[in-house]
Amino acid sequence: MGTPLSSREAQAEAVIDRLHEEYPDSTISLNYSSRLELLIAVVLSAQCTDERVNDVTEELFETYETAEDYANATEDELADAIYGITFHNSKGGYLQGIGEQLVAEHDGEVPDEMSALTDLPGVGRKTANVVLQHAHDVVEGIVVDTHVQRLSRRLGLTEAERPDAIEQDLLDVVPESEWQQFTHLLIDHGRAVCGARTAECGECVLADICPSEKGDSDVDLASGEPW
């Protein structure tokens, strides 16, 4: 098993430094050209791959360009337009509701406050954090997606299970200047090396400081289950 550093702060710093070297161009992988497009793309990305979202939104964004366009569409029309996205029927309703609420309460613009964003249909704290960071350059927290949830537990940065609790633990140990980039680094590493089912510890630049490393550890700390 890898040996984590003496404090979670030191562990987080080492993880960040190494992953910056490994993924120097790490950034968001969703395609968008406006704040509204980013909001829609992130809502669609819940439990769906970014690749699939980018495929679907290429045509969607040509048809629906404004909040009014979404507000004036029916849920069925939007569900058809995003067919292939996980839970497309439910998300069609979210998009229609988002359009209506943006028009009614925000003059058709994407708000720049956490509370206003999380009031929108289908928008939780994770989605709101992404939109704030990349649409408004407002960094209030750390986005905890499935990769961040998995890797932060494997690396011994948290023992929490719920995303909100994991975020609070990470905010205490990740330097504020790295809050935004931390998510992208862990996503890239999760996709390339540290997968849910295929953790390639022999290729991992973090293996020597990872308490879940397969070489000696019998347990995946992300799940608490044996490897």
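**Close-up views of a predicted model**

**View 1. Glu-113 counts as partly exposed, at 48% relative accessibility.** Partly exposed sits between buried, under 20% relative accessible area, and exposed, over 50%, using a 1.4 Å probe and protein chains only. This is a predicted model, in which local features need pLDDT of at least 70 and side-chain atom pairs count only at pLDDT 80 or more, while totals for chains, interfaces and linings use all residues. Residues are numbered from 1 along each chain as its sequence is written, and side-chain values use heavy atoms, with hydrogens and water left out. Look for Glu-113 in the loop between H6 and helix H7 (114–118); helices here are DSSP runs (H or I, at least four residues), numbered from the N terminus. From C-alpha to C-alpha, Glu-113 and Lys-126 are 13 Å apart in space and 13 residues apart in sequence.

**View 2. Helix H2 (residues 35–44) and helix H6 (residues 88–106) cross at roughly 150°, and their axes come within 10 Å.** The axes are lines fitted to C-alpha atoms over the stretch in contact, and angles run from 0 to 180 degrees between N-to-C directions. H2 and H6 are therefore roughly antiparallel to each other, a label for angles over 145 degrees. Their crossing is right-handed, meaning that the near helix is turned clockwise from the far one by less than a right angle. On the H2 side, Leu-36, Leu-39, Ile-40, Val-43 and Leu-44 meet Lys-91, Tyr-94, Leu-95, Ile-98 and Leu-102 of H6; contact means heavy atoms within 4.5 Å. The residues of this contact divide into 9 nonpolar, no polar and 1 charged, where Val, Leu, Ile and Tyr are among the nonpolar types and Lys is one of the charged ones.

**View 3. Glu-37, found in helix H2, is buried, with a relative accessible area of 14%.** Leaving aside neighbours within four places in sequence, Glu-37 is in contact with Tyr-32 and Phe-61.

**View 4. Thr-158 lies in the loop between helix H9 (146–154) and helix H10 (163–173).** Here the residue is buried, and Thr-158 has a relative accessible area of 2%. Its side chain makes a polar contact with the side chain of Asp-169 (2.6 Å); such a contact is a pair of N or O atoms within 3.5 Å, one able to donate a hydrogen and the other to accept it. Beyond neighbours within four places in sequence, Thr-158 is in contact with Arg-8, Ser-152, Arg-153, Ile-166 and Asp-169.

Definitions and conventions: Helices (H or I, at least four residues) and strands (E, at least two) are DSSP runs, numbered from the N terminus. Angles under 35 degrees count as roughly parallel, over 145 as roughly antiparallel, 65 to 115 as roughly perpendicular and the rest as oblique.
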